Amino acid sequence: MTPDSPDYDWLYGRTRAGRERGPGGARALLERLGRPDAAFGSVRVVGTDGKGSTCAMLEAGLLAAGVHVGRFTSPHLQRYEERVRVGGEEMDPARTAAFIEWAKVHVPDAAFFDLTLALACQVFAQDGVEIAVMEAGVGGASDATAALTDVRAVALTNVALDHVATLGPTLADIARDKAGAARPGVPLLSTATGGALAVVCEVAGGVGAPLFTPDTHPDLFTLPHPPRLPGPHQHANAALAAATLRTLGHPEGVEAALRATFPARLERFEVGGKTIWVDGAHNPHAARALAASLPGGADVLLFGGLARKDTAATLEPLLELAPQRVFTSPGDPAAPPEELGARYGGAAVPDVGEALALALAQTPPGGTLLVAGSLYLAGAVRGLLDRRGAGR
């Protein structure tokens, strides 16, 4: 391993297993680094789905407005450095390598997400970032990004059942944690609906955070035209990004935000005359949104999910889209593809490369293959398609 080659194995081994959740670990790391997060303003993006797309739109809008912007998102699809961007460019791996070597000596027991957040803040401070778009990992009050110092706005996309073991078993529990990102006097913007929105209103009122929604401030959330990112669910994400840009004083960035792209969000590839849609939908809410975005369905579904997810509920809306299915393993621990194949009807091929080859073979000429179930699967398939020279 060269000095500029990061020891990713060490970093990925810093799991949170057995550690207490919350911002405490990240806060301690940032203190150790001299509070680099105080050097720039942050926009926290929280919610169940749509965080990555909203972050991409916010980044594009702020760039167009002339702001020196940073972006922190997770997970990455193919390269760790995708998680940390400055001025629209990924971080240099040499900076990852140097930070890992520092962490090995000074904070060997820190958790992966806390380390990555601290690295992002260090990079943003060193590079003179003015505003950083910061995607929460899980939750709001209980997330590491709650440790950030100078939060200028909080954007809450939506609330649905996901991460119930961490955030609580009911929609109200999850909404309360996510809305816990609210801070006194800091604008909280949200496209949440129904009972979740009622909880958000309660929490915002309790802490004194001004709340902005499409109902209370329709002019803030209006769009001149649909976003470039496909699917009806992206309209809400775009409206949230537009409202946040306007609240931050950068309405001139809205047009660029609507032109933003983000990988593995109904991303289209072509191989040998066959269309491949790659999407990171990994929970029931996202799967329903994906199904609504493909009214014509697909010929084949390539699915792989993680064991900790609600696989049955996630699969339900996707099974109706495709008569043929191939199940694979996107990571460890994965929902066993053999069990999925036996239960739902389809081939079980644990190796992602072999599964993709079979799914493509089953897709008729001019037909459509849908890949979904996990962002890890989306990243692996994107890499394989790139190596095959797939068109976009």
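Let's start with V45: its bridge partner in strand β6 is A155. Strands here are DSSP runs of E with at least two residues, numbered from the N terminus. This is a predicted model, where local features need pLDDT of at least 70, side-chain atom pairs count only at pLDDT 80 or more, and totals for chains, interfaces and linings use all residues. Residues are numbered from 1 along each chain as its sequence is written, and side-chain values use heavy atoms, leaving out hydrogens and water.

Back to the strands. β1, residues 41-46, pairs with β6 in the parallel sense over five bridges; pairing takes at least two bridges found by DSSP. β6 also pairs with β7, residues 188-190, again in the parallel sense, over three bridges. There, V154 has L188 as its bridge partner.

How enclosed is β6? Five of its six residues, 151-156, are buried, so the strand is largely enclosed by the rest of the structure. Buried means under 20% relative accessible area, with a 1.4 Å probe and protein chains only.

Now please find E135, in strand β5, residues 131-135. E135 is buried but has no salt bridge, and K51, the nearest side chain of opposite charge, is 4.3 Å away. A salt bridge needs a side-chain nitrogen of Lys or Arg within 4 Å of a carboxyl oxygen of Asp or Glu. What the E135 side chain does reach is the backbone nitrogen of S74, at 3.2 Å.

Last stop: N283, in the loop between β10 (274-278) and α12 (284-293). N283 is buried too, with a relative accessible area of 1%. Thanks, everyone!

Note on methods: Buried < 20%, exposed > 50% of the residue type's maximum accessible area, 1.4 Å probe, protein only. Helix = DSSP H or I, 4+ residues; strand = E, 2+ residues; numbered from the N terminus. Lys, Arg positive; Asp, Glu negative; His and termini not counted. Polar contact = N/O pair within 3.5 Å; in protein donor to acceptor, adjacent residues only side chain to side chain.
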